There are 2 protein chains.
Amino acid sequence: MVYFDNAATTFPKPEVVYSFMDSFYRTNGVNVGRGQFTAASVASRLVEETRSLLLTMFYCNKSKAVIFTPSATEALNMVLQGLSWEDGQTVYITPFEHNAVLRTLTYIMQIYDIKIKYLEPDKKTLRFDFEKIKYDFQTTKPNYVILAHASNTFGCITPIKDICSLAKDFGATTVIDMAQTSGLIDINLNEIKGDYCIFAGHKTLYGPFGIAGFISDKECNLKPLIYGGTGLDSANPSMPSTVPERYEAGSPNIGAIAGLNAALKWIGDTGIENIRIKEKETTVKLLNMLKNYYNIKVIRGADESQNIGVISCVFNGYSSDNVGQILSEKGFAVRTGLHCAPVAHKFMGTAPDGTVRFSISYFTSDDDLLMLKNALDYIEMNG
Amino acid sequence: MVYFDNAATTFPKPEVVYSFMDSFYRTNGVNVGRGQFTAASVASRLVEETRSLLLTMFYCNKSKAVIFTPSATEALNMVLQGLSWEDGQTVYITPFEHNAVLRTLTYIMQIYDIKIKYLEPDKKTLRFDFEKIKYDFQTTKPNYVILAHASNTFGCITPIKDICSLAKDFGATTVIDMAQTSGLIDINLNEIKGDYCIFAGHKTLYGPFGIAGFISDKECNLKPLIYGGTGLDSANPSMPSTVPERYEAGSPNIGAIAGLNAALKWIGDTGIENIRIKEKETTVKLLNMLKNYYNIKVIRGADESQNIGVISCVFNGYSSDNVGQILSEKGFAVRTGLHCAPVAHKFMGTAPDGTVRFSISYFTSDDDLLMLKNALDYIEMNG
């Protein structure tokens, strides 16, 4: 398999992620925070160390807490469904939000009379006009601003620092979906005014499925989404008031947390800057390659410093699924269609067929690119 | 570590669970149902095979579906929060429900004016009086009946077949929490009238953390709890109407599903009956051992055919945490306190201190029992 589906999940993982997950689960695969015995203590320490590694990665001070969830989708649901919605409120989002945001908002709109407004960048440059945003915020006050840090479809980065800063001037609560950027882009949450920042363990953090979460103030007062055992305060018929326990009902997934722990240390050893540089280099190589095909149109902002290694294209004369089928038969892993981001495709003019998405990781090699070149040559010749 | 905390999570797992999880994740750790490429297809087939193995284990016919969730807590939340609650409804539960049920019901009671009534067995025999239940149902019609199949604290088995049958005579919707019994007790869901039956992968199914779920009719119409991408029908701003997709937003945890797959095959090869027999034998050995200590009182129903290998006791002159501390220092894994089941302790007279719980698995050995004997001798001598 030649793997270009890293925006769905990075593959492979660093070797240490597989090996530590396996060895830790074999020796300490017990229930965390619910027993006094040694393996439970070792497991508890691993969980707390993993929270610390995340807080350090994002430059958080001690007022912040890491809440673990089984997926970024669940973290987004926990945050969005947990907010204090009221009729008449306005939520601003970008056109690049994932269905984890869009479908959750659709559900919330069934309960509350809220308005969704879009913060749209220029369709060509994909740059945001901050004066326009300020004007919009002045015209209709933002209660919530939800920002995909980078599009899972077109790779464009949202200027979260500036938009969050503006949003805060208007008293909004800010939510940042960092599923495609945490561990890839150096994010300083001490400087960025994000109230709830969601990360996905299995994507750019190079960890396994089953672990994700969000970073918020320790004083966070979201309404819980999942109710259940927390291993403490068990006689309380409601969830405990302490964070993160209030939002972490059920047995922690210690195997997945071990994998994330190893991944975070690997990122620390490798350096986020180095990961980003390598990803940029590979991205530029791939973009230069794609330019040579008259039948391929890349849909992308021009400024590569504002993009990540997620490249969407359309193939002249082919549906995106057609291309996916051909590449699949030749052993390539790519994703085609709408990538769970229907509004992004509508905005960029690629709905309803969607795009063929090549997404790369630190482990994408020149050999991978060469093999892709051969496949694209074949499609061009047989087009 | 001498492990007696299997009711929290079975440990160790069968070797094949560790090894298959690791090898499958290394070769096929990709996103399921969202790509056409080979590894994605292999992963998708594994997921469908795992659903089939579960349906076969529980004798389900083709009208049933398996919905995967990251934990049994989440499955219970999805079912309970997803039901069509109305003011004035009555829900019957046993005193043995876990906080995943109790706290979720507390939350639902904040929204709806519903009544919770308890189906209580005799405190000595732990037998249910079906005439009494019938009388209760006649007096106050049950809208929902929620039954822990076995207590995670006292090990007593609830006669789910008879109670569900009665509940159905009164038109109730039935929910069975099989977290402590699936894979241990032979459960025929073709005969038991359970509308929503919850299983936990990491307990008596011998799989890993991160995978659980529930079995329901394919026509199941719960309100979704988690909204997000499903890898199909992406242009739909709401969740798709098909089951299981409607309830499985986000990337499936393929590593955990691989572990569960291997565990289910191991159970199939070993035989549920054989697992249950071995567990019973070990339980009786442990009970006979505990009888010899004047300072230990086992809180348990007399009929061992109606119990599982979860043994709660109180130690004369010690708090349960004291005992946990001593055993922990000697390398034993036990659980003390309320075990996330506060009502059970109130009912059995062991609140607020709780009990010391020894819970065994297929892998609990005579050596484990012997080492425990030495530790209990020590406590008795120093008591």
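**A close look at one helix**

A: Let's start with what lies over the helix: the cover on the buried residues of α6(B) includes α5 (130-139), β5 (144-148) and β6 (173-177) of chain B. Keep in mind that this is a predicted model.

Now for the residues under that cover. Helix α6 of chain B runs over residues 160-169, and its buried residues are B:Ile160, B:Ile163, B:Cys164, B:Leu166 and B:Ala167. They take up an arc of only 160° around the axis, so they sit on the same side of α6(B). The spacing has a simple background: an α-helix has 3.6 residues a turn, so residues three or four places apart point the same way. After the helix comes B:Gly171, which has a positive phi, near 75°.

Most residues other than glycine have a negative phi, and most peptide bonds are trans. You'll find B:Cys340 in the loop between β12 (335-337) and α10 of chain B. It has 26 C-beta neighbours inside 10 Å, so B:Cys340 counts as buried. In chain A, A:Asp233 is another residue other than glycine with a positive phi, near 55°. A:Asp233 belongs to the loop between β8 (212-217) and α7 of chain A. With 16 C-beta neighbours inside 10 Å, A:Asp233 counts as partly exposed.

Then there are the cis peptide bonds. One joins B:Phe11 and B:Pro12, with omega about -5°. B:Pro12 lies in the loop between β1 (2-3) and α1 (15-28) of chain B. Another cis bond leads from B:Ala351 to B:Pro352, where omega is near 0°. B:Pro352 has its place in the loop between α10 (342-348) and β13 (355-359) of chain B.

Stepping back to a whole chain, take chain A. It has eleven helices and 13 strands. Its C-alpha trace spans about 70 × 55 × 35 Å along the principal axes. A compact globule of 383 residues would have a radius of gyration near 21 Å, and chain A, at 21 Å, agrees with that. Of those 383 residues, 57% count as buried. If you take the contacts in chain A between residues at least 6 apart in sequence, 71% of them join residues at least 24 apart.

Chain A is also split by the domain assignment, into domain 1 (2-11 + 271-381) and domain 2 (15-270). Their centres, taken over C-alpha atoms, are 26 Å apart. Where the two meet, 31 residues of domain 1 of chain A are in contact with 30 residues of domain 2 of chain A. On the domain 1 side, the elements that give two or more residues are α8 (272-291), β10 (310-315), α10 (342-348) and β13 (355-359) of chain A. The largest share of that side, six residues, comes from α8(A). Sorted by class, the domain 1 side has 14 nonpolar, twelve polar and five charged residues.

Last, the pair of chains. Two copies of a chain are related by a rotation about an axis and a shift along it. Here, a rotation of 180° with 0.0 Å of shift along its axis puts chain A on chain B, with an RMSD of 0.0 Å. That is how a two-fold axis relates its copies. The contact draws 64 residues from chain A and 64 residues from chain B. Elements giving two or more residues to the chain A side include α1 (15-28), α2 (38-57), α3 (72-82), α4 (99-111) and α7 (254-270). Also among them are α9 (320-329), β11 (332-333) and β12 (335-337) of chain A. The one that gives the most to this side is α4(A), with seven residues. By class, the side of chain A that touches chain B holds 29 nonpolar, 28 polar and seven charged residues. And 100% of the interface residues of chain A are interface residues in chain B too, so the copies meet through the same surface.

Methods: Residues numbered from 1 in each chain as written. Chains lettered and ligands numbered in written order. Predicted model: local features only at pLDDT ≥ 70, side-chain atom pairs only at ≥ 80, totals over all residues. Domains from an automatic or database assignment. Contact = placed C-beta atoms within 7 Å. Helix = DSSP H or I, 4+ residues; strand = E, 2+ residues; numbered from the N terminus. Nonpolar A, V, L, I, M, F, W, Y, C, P; charged D, E, K, R; others polar. Least-squares fit on C-alpha atoms with pLDDT ≥ 70 in both. Buried ≥ 20, exposed ≤ 12 C-beta atoms within 10 Å, placed from the backbone. Arc of directions from axis to C-beta. Rg over C-alpha atoms; globule rule 2.2 N^0.38 Å.
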